[in-house]
Amino acid sequence: MIHLRAQNWSSLGDDTFWCWAEREFPAAVRADRRPVGETDHVLHYGLLGAPLVRPDRSIALLWEQHTEMRREVGALCGKSWDVEIQRMHAAAFRCARRTVASPVLIDDFRHHGPVDVLPIGVDTDLWRPADSDAERAEIRDRLGIPKDVRVGFWGGHRHPMKGMDLLVRYAREHPNVWWAVVLKRARDQRSGELRGIKGVTVAEVSQPEIAALMKASDFALFTSRLRPYCMLEWEAMAANLPVVNIGHPDREFTPSDHPRHGWWVTLTCYRGPRGTGG
């Protein structure tokens with residue numbers, strides 16, 4: 001059995017961790033904690049800190065980019081970030097295995113032992129280009145997007161690492177672009193920061209809705225101040241959107257042959273009805 005110990009259960013479809021977990025373990029069920037057997041594995045979300053149960057069978061998912069954020073936008077991070085970084089290091093120290101989602105983060109934890117990169121991957125059945133100009137025109141018509149305008153796609157939230165301010169600046173410098181903006185949280189839509197940007201802004205929408213907006217767009221604007229690509233950016237590339245990057249100038253790009261490799265292949269042999277989350 002695989003046990004998933006995570007910080008919370010999000011209702012937002014675009015949360016990187018839960019998108020990955022639901023895709024990798026589609027038959028998982030929410031359950032109370034159960035005893036960890038001798039052949040079981042525990043996927044332990046790093047922000048929880050050191051595992052209390054069977055660290056010898058635990059795999060640390062050190063996916064949050066707190067260490068990278070501290071480096072790149074440290075002045076904008078509060079003291080709580082240091083506490084969460086300490087928790088991640090505690091998990092990295094105690095767990096039998098350590099995983100990160102980007103090669104950029106390996107050096108942050110390698111002094112605790114070997115670190116594996118576990119790429120997030122993208123569902124290419126969902127994230128793909130429009131099949132034809134007719135499909136693209138139909139999507140634009142359905143979403144109320146003008147047919148003869150240049151459409152830019154942007155997704156994120158108000159945290160400074162996401163670069164919403166860079167989006168606003170770029171939009172003002174390119175007034176002819178019509179924008180499809182996807183926000184993670186509805187409250188960000190009420191902030192007023194995007195007032196004056198021409199286009200449609202949606203929040204807390206489903207993955208298929210985001211994929212449709214990408215199909216209707218002409219390019220994606222990347223504004224992240226961090227080096228690793230975020231999941232939405234990988235999805236935009238899978239949709240074959242041209243990219244304009246005005247964020248970190250040295251973005252990491254290390255695609256893998258497959259999101260499951262090495263020991264992870266053995267572990268995911270247990271995927272299916274026996275997988276549990278709790």
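Arg227 and Glu68 join their side chains in a salt bridge, with 2.8 Å from N to O. The term covers a side-chain nitrogen of Lys or Arg within 4 Å of a carboxyl oxygen of Asp or Glu. Arg227 sits in the loop between S10 and H9, and Glu68 in helix H2 (residues 66-73), so the pair ties together parts 159 residues apart in sequence. Helices (H or I, at least four residues) and strands (E, at least two) are DSSP runs, numbered from the N terminus. Glu68 is buried, at 0% relative accessible area. Arg227 is partly exposed, at 22%. Buried means under 20% relative accessible area, exposed over 50%, and partly exposed in between (1.4 Å probe, protein chains only).

The model is predicted: local features need pLDDT of at least 70, side-chain atom pairs count only at pLDDT 80 or more, and totals for chains, interfaces and linings use all residues. Residues are numbered from 1 along each chain as its sequence is written, and side-chain values use heavy atoms, leaving out hydrogens and water.

The structure holds 15 salt bridges. Another one pairs Asp108 with Arg71 (2.7 Å, N to O). Asp108 belongs to helix H4 and Arg71 to helix H2, so this pair links parts 37 residues apart in sequence. Asp108 counts as buried at 13% relative accessibility, while Arg71 is partly exposed at 40%. Arg142 and Glu138 also form a salt bridge, at 3.5 Å from N to O. They are four residues apart in helix H5 (residues 133-143), about one helical turn. Arg142 is exposed, at 52%. Glu138 is partly exposed, at 42%. Through shared partners, salt bridges join Glu68, Arg71, Asp108 and Arg227 into one network.

Now the nonpolar interior. A nonpolar core is a set of buried Ala, Val, Leu, Ile, Met, Phe, Trp, Tyr and Cys residues joined through side-chain atoms within 4.5 Å. The largest has 27 residues; Phe17, Trp20, Leu43, Leu61, Leu62 and Val100 have the most contacts inside it. Elements that each supply at least two of its residues include strand S1 (2-5), strand S3 (41-45) and helix H3 (79-94). H1 gives the most to this core, four residues. Phe17 touches Leu4, Ala6, Tyr45, Leu61 and Trp63, leaving aside residues up to four places away in sequence. Contact here means heavy atoms within 4.5 Å. Apart from this core lies another, of 23 residues, among them Ala180, Leu232, Ala239 and Leu241.
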